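Here is a quick tour of a helical packing arrangement, written for someone who would rather look at the model than at a table. Have the viewer open and follow along.

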Amino acid sequence: MSSTEQTPRPARLAAAAGVALVEALGLLAGGFYMLVRTLTDGGDLTGGATGAVTMIALGLIPLAAARGLWRMRSWSRGPAVITQILALPVAWQMLQTEGVIPYGIVLAALAVTGLVLLVNPATTQALGIRRPGQDAS
């Protein structure tokens, strides 16, 4: 295979990149919404701005992971898996809070789907990640 040819991207890897992208866009949108609301409502500026900037910064992690997964970079699986694991307790809390239960269901479904896709053998093989004990051949 020449250096210009690339291994085809498995559908599961593309789907995992899509899940990470949806999560990133949700965090970024939530962060920007929180920032605009803080600036226009005149509430706790420090707390609101800190929360908004934190959400935006956290949104950059799955965004980078989505790009890396799409480009089939092995480093991207770690941040993507961590994002899914961190999303599960957030989804659980949302499922316990009236008014945001539907969002909790969506987040839980995304996190579980993302984890399943990221640990799939086709995904790990496409990313060049070997299982313990697997030869480097």
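## Helix H2 and what covers it

H2 is 26 residues long and spans 37 Å from its first C-alpha to its last, close to the 38 Å expected at 1.5 Å a residue. That expected span is 1.5 Å times one less than the number of residues. Helices here are DSSP runs of H or I with at least four residues (strands are E runs of at least two), numbered from the N terminus.

Before going further, bear in mind that this is a predicted model: local features need pLDDT of at least 70 and side-chain atom pairs count only at pLDDT 80 or more, while totals for chains, interfaces and linings use all residues. Residues are numbered from 1 along each chain as its sequence is written, and side-chain values use heavy atoms, with hydrogens and water left out.

Which residues of H2 are buried? They are Gly48, Ala52, Ile56, Gly59, Pro62, Ala65, Ala66, Gly68 and Leu69. Buried means under 20% relative accessible area, exposed means over 50%, and partly exposed is in between (1.4 Å probe, protein chains only). The cover over these buried H2 residues includes H1, H3 and H4, where contact means heavy atoms within 4.5 Å.

## H1 against H2

Two packed helices are described by the angle between their axes and the distance between the axes. For H1 (residues 11-41) and H2 (residues 45-70), the angle is about 165° and the axes are 7 Å apart. That makes H1 roughly antiparallel to H2. On the cut-offs, under 35 degrees is roughly parallel, over 145 roughly antiparallel, 65 to 115 roughly perpendicular, and the rest oblique. The axes are lines fitted to C-alpha atoms, for helices over the stretch in contact, and the angles run from 0 to 180 degrees between N-to-C directions.

The crossing of H1 with H2 is left-handed, meaning the near helix is turned anticlockwise from the far one by less than a right angle (clockwise would be right-handed). By class, the H1 contact with H2 has 25 nonpolar, 6 polar and 1 charged residues. Nonpolar covers Ala, Val, Leu, Ile, Met, Phe, Trp, Tyr, Cys and Pro; charged covers Asp, Glu, Lys and Arg; the others, Gly among them, are polar.

## The loop after H2

H2 is followed by Met72, which has a positive phi near 60°, and this in a residue other than glycine. Met72 sits in the loop between H2 and H3. Its relative accessible area is 13%, so Met72 counts as buried.

## H3 against H4

H3 (residues 77-95) and H4 (residues 101-119) pack at about 150°, with axes 8 Å apart. That makes H3 roughly antiparallel to H4. Their crossing is left-handed, and by class the contact has 20 nonpolar, 3 polar and 1 charged residues.

Two residues of H3 are worth a click. Is Thr83 buried or exposed? Thr83, in H3, is buried, with a relative accessible area of 13%. Leaving aside residues up to four places away in sequence, Thr83 touches Glu23, Ile61 and Pro62.

## Before H1

Thr7 belongs to the segment before H1. With a relative accessible area of 44%, Thr7 is partly exposed. Thr7 and Ala126 are 119 residues apart along the chain, and their C-alpha atoms are separated by 7.6 Å.
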